[in-house]
Amino acid sequence: MIANYHTHTARCQHAWGEDKEYVEQAIASGMKVLGFSDHCPWVFPEGYVSRTRMFPEQLDDYFYSMEDLKREYAKDITIYAGFEAEYIPELMEDQEKLLEGYPIDYMILGQHFTANEMIAPYTGFPTDSKAELKKYVDTVIAGMETGKYAYVAHPDLFHFTGPDEVYEEYFLKLCQYLKAHDIPVEINLLGVVENRHYTSERFLKIAKKAGNSVIIGCDAHTPDRLSNADYIVACRKMAKKFELPIVDFLPGLGVIER
């Protein structure tokens with residue numbers, strides 16, 4: 001890998017390591033681009049506090065750290081600072097106000113919930129609900145339609161356990177949408193490494209049918225996930241098996257010329 005845009009920090013409460021460690025691991029592994037996309041904070045009603053994302057009051061620290069790293073390692077690697085976030089229409093206005101003025105390079109869409117997480121279940125929990133699968137796909141497409149997000153993280157995160165024909169119907173709709181808009185689907189290294197239900201061959205078979213390209217996202221929650229060659233090779237083999245061309249750089253987010 002020469003670029004990764006899916007990197008977390010300890011601020012999300014379920015990742016480990018210093019920001020600098022992620023950068024140094026990426027450089028050691030030969031990467032030219034490292035994008036940080038930690039779990040974006042929200043302004044929740046009723047004083048709710050999420051335990052799976054950074055707190056709003058950590059935003060200054062996050063961007064001060066990113067700007068420092070960009071300067072310190074400018075000769076070694078291109079660093080981008082962004083977020084992984086859900087598209088939750090009823091919370092978007094407050095989130096945009098919260099993030100106003102911060103130097104955000106990009107965002108990726110990671111639809112862990114299809115509504116406010118105070119009331120909605122995690123989309124990675126097993127379910128055979130066709131209605132919830134439809135809601136997931138429709139929400140992801142609606143989110144991408146806003147133009148806010150560069151690509152979809154772990155697009156097959158929704159853990160549908162119902163009939164294969166229903167799974168294919170809705171995920172083909174998503175893959176065809178991404179193909180039409182020249183957006184790659186992500187092969188999620190974290191899911192592959194930990195043998196999760198994503199990224200699945202069932203999904204990649206549909207991506208092949210739709211003619212998608214792919215991007216490998218480390219989804220790094222520890223620095224070592226940026227430099228383990230065996231895992232990266234496993235992801236590349238999945239792409240090759242389903243004849244899916246690999247995209248190295250996101251449009252507009254290549255290597256900064258120096």
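Modeller: Let us begin with Leu-109, which lies in strand E4; helices (H or I, at least four residues) and strands (E, at least two) are DSSP runs, numbered from the N terminus. Please note that this is a predicted model, in which local features need pLDDT of at least 70 and side-chain atom pairs count only at pLDDT 80 or more, while totals for chains, interfaces and linings use all residues. Residues are numbered from 1 along each chain as its sequence is written, and side-chain values use heavy atoms, with hydrogens and water left out.

Colleague: Is Leu-109 buried or exposed?

Modeller: Buried means under 20% relative accessible area, exposed over 50%, and partly exposed in between, with a 1.4 Å probe and protein chains only. Leu-109 has 0% relative accessibility and therefore counts as buried.

Colleague: Which residues is Leu-109 in contact with, leaving aside its neighbours within four places in sequence?

Modeller: Contact means heavy atoms within 4.5 Å. With those neighbours left aside, the contacts of Leu-109 include Ala-85, Tyr-87, Val-140, Met-144 and Tyr-151. Tyr-151 is 42 residues from Leu-109 in sequence, yet their C-alpha atoms are 6.3 Å apart in space.

Colleague: How should I read a nonpolar core?

Modeller: A nonpolar core is a set of buried Ala, Val, Leu, Ile, Met, Phe, Trp, Tyr and Cys residues joined through side-chain atoms within 4.5 Å. The largest one here has 84 residues, and Tyr-5, Phe-36, Phe-83 and Phe-171 have the most contacts inside it. Helix H5 (residues 164-180) supplies the largest share of this core, 9 residues.

Colleague: At what angle do helix H4 and H5 pack?

Modeller: Axes are lines fitted to C-alpha atoms, for helices over the stretch in contact, and angles run from 0 to 180 degrees between N-to-C directions. Helix H4 (residues 130-145) packs against H5 at about 0°, and the two axes are 10 Å apart. Angles under 35 degrees count as roughly parallel, over 145 as roughly antiparallel, 65 to 115 as roughly perpendicular and the rest as oblique. H4 and H5 are therefore roughly parallel to each other. Among the residues making the contact are Leu-133, Val-137 and Ile-141 of H4, with Val-166, Tyr-170 and Leu-174 of H5.

Colleague: How many nonpolar, polar and charged residues has the contact of H4 with H5?

Modeller: Ala, Val, Leu, Ile, Met, Phe, Trp, Tyr, Cys and Pro count as nonpolar, Asp, Glu, Lys and Arg as charged, and the others, Gly among them, as polar. By this scheme the contact of H4 with H5 has 12 nonpolar and 6 charged residues, and no polar ones.

Colleague: How is a pair of aromatic rings described?

Modeller: The description uses the distance of the centres and the angle of the planes. Rings of Phe, Tyr and Trp (its six-membered ring) pair if their centres lie within 6.5 Å; planes under 30 degrees apart count as stacked, over 60 as edge-to-face and the rest as tilted. A search of the whole structure finds 13 aromatic pairs. In one of them, the ring centres of Tyr-62 and Phe-83 are 5.4 Å apart and the planes are at 35°, so the pair is tilted. This pair links distant parts of the chain, with Tyr-62 in helix H2 (residues 59-72) and Phe-83 in strand E3 (residues 78-85), 21 residues apart. Tyr-62 is buried at 0% relative accessibility, and Phe-83 is buried with a relative accessible area of 0%. Elsewhere, Tyr-136, Phe-158, Tyr-167, Phe-171 and Phe-203 form one aromatic cluster.

Colleague: What should I look for in the backbone?

Modeller: Most residues other than glycine have a negative phi, and most peptide bonds are trans. Here the peptide bond from Tyr-198 to Thr-199 is cis, with omega near -10°. Thr-199 is in the loop between helix H6 (189-193) and helix H7 (201-210).

Colleague: Which value does phi take at Asp-219, and at Glu-243?

Modeller: Asp-219 is not a glycine but has a positive phi of about 50°; Asp-219 sits in the loop between strand E6 (214-217) and helix H8 (229-241). Glu-243, in the segment after H8, has a positive phi near 55°. Asp-219 is buried at 3% relative accessibility, whereas Glu-243 is exposed at 60%.
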